Amino acid sequence: MIFSCDRNQLKECINIVQKAVSTHSSMPVLEGILITTDTDKIILTGNNLEIGIEATVEATVDRNGAVVVNSRLFGDIINKFTGDIVTCNCEDNNVLNLKCGNSKFKITGINADQFPEIAKSKDRDLYCVSMEQRQFRELVRHTYYATGISSPNIILTGCFFEASSGKANMVGVDGYRLAYRKIEKENITVTSPENYQKIGTIIPSRSLVELLKVTDDTEKTINIYGSAKHVRFEFENVIFVCRIIEGDFIDYNKILPDSNLTTVRLKGYELLSAVERASLIITNDAGRAPVILDIENGEIKIDCETSAGTVKELISVDMVGENVKIGFNNKFLLDALKAVDTDDITLSFSGPMKPCLITPVSGDDYKYLVLPLKL
C-alpha cells in the first residue's frame, strides 16, 4: 500500500474515527485504526463494537492495500508532523513507513483481516430519514441528558427517535424526568423500500453523545439509515454506525399529564438564573437538599438550605390556579431549563408530589417533565 495525502485532512479524519476506538481492550486490533485505499482516496475506520466510524480522505494512491495501526501512536505522529503532505508506504509485513517534511517514522501494524467490519450494507436498510445536521443535533442536545446512562433498564439508556415526512422528534426518560423535542420542517423526509410511514428506534445515548462530537450545526444533510440491529448516519465524508437498543420504548404520552391545578407563565432565563444561584450552596447535599418553589399570589419564592448556607429569591409571574409548594433536585431542574429555547415558558403543576411540566407558552416543540422531591 502506497499513498500520499494532505496532513491536515488526515489529522481531521483521525480525530473523528478515534471516537470509535477502544482505549483499553483485550483485543489490540480494537485499539487501532483500519487504513484502506480505494482509487483516489483512503478510508479510515474505528470500531469498538459499540460504534463504528468511517472517514474518507482524498489521496494519491499508487498501490492499494490495507493495514491496522495503533490509533494513539498514529494520531500522535501525524499531529506532530510539520510538513503539508504525508506519504505512507506499507510493506508486506504490515510495517508502515511514514514520511512528512523532514521526518520519517517506521511503525508496526496489524493484519487488516483481524479488524471487525462495521455494519453499513445498504441491502439491510429498512428506511432512510434525511434532515439537516443542525436539526438532528438539536433533537439530541435537548433530550440525551434525560436518559439513564447507567440504568439497569436498558431501554432507558437510549433516546427514542421517531420520524415521518415533515416531522421528527426524540424522547429521553430516566424514571425521574422526561425530555421531548420535536421539529416540523418540510425538508425532513422519510423513504423506505418497505413503505414504512413512521419510524421509531431507540439509539443509545452514549452513541448520540459521540455523534454530537463529529457533526456540526450546519444545514448540510445527514442521512439516517435504520436496519433491524443498527442505525447508520452518513454525512459529508463520514459514516457513523451504532447498535440500536432492541425492545419497546415506554408509552411516553401516558406519562405526560393532561390536566393541572396550577399554571405559571414566566421568563425561563429568570428561573434558570435563580436556580443556578441556589445551586451554589448545594455541594455534598445534592439530591437531599431540594430547591423549593413556593408559588402563591403571583410570585415564586425560591428557597434552598444546605450545610453550606441558605438562599432565597423572588420572581414575579403570571399565575392561574392553586398555590403550590414543591421541591426539585437542582440538577434535574437546571437540565430542563437549559434545554428551553424560548424566552417565555409555562410551568404546570398538579400538586406538590406530582411532576412539573415545562412547555413553551405557545406550541408544543418541547416538553420537559421533572419529578419533585419529598419535602
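The structure holds 23 salt bridges, a salt bridge being a side-chain nitrogen of Lys or Arg within 4 Å of a carboxyl oxygen of Asp or Glu. The model is predicted, so local features need pLDDT of at least 70 and side-chain atom pairs count only at pLDDT 80 or more, while totals for chains, interfaces and linings use all residues. Residues are numbered from 1 along each chain as its sequence is written, and side-chain values use heavy atoms, with hydrogens and water left out.

Side chains of opposite charge can pair when their charged atoms come close. Asp-174, Arg-177, Lys-331 and Asp-335 are linked in a network of such bridges. Helices (H or I, at least four residues) and strands (E, at least two) are DSSP runs, numbered from the N terminus. Both Arg-177 and Asp-174 are buried, as is Asp-335; buried means under 20% relative accessible area, exposed over 50%, and partly exposed in between (1.4 Å probe, protein chains only).

Another bridge joins Lys-220 to Glu-236, with the closest N and O atoms 3.3 Å apart. Lys-220 lies in the loop between α4 (205-214) and β15 (221-226) and Glu-236 in the loop between β16 (230-235) and β17 (238-243), so the pair ties together parts that are 16 residues apart in sequence. Lys-220 counts as partly exposed, because its relative accessibility is 46%.

Helix α6 (residues 268-279) has 12 residues and reaches 16 Å from its first C-alpha to its last, close to the 16 Å expected at 1.5 Å a residue; the expected span is 1.5 Å times one less than the number of residues. Its buried residues are Gly-268, Leu-271, Leu-272, Ala-274, Val-275, Ala-278 and Ser-279. They cover an arc of only 165 degrees around the axis, which puts them on the same side of α6; the arc is that of the directions from the helix axis to the C-beta atoms. The elements they pack against include β18 (262-267), α7 (330-339) and β24 (344-349), contact meaning heavy atoms within 4.5 Å.
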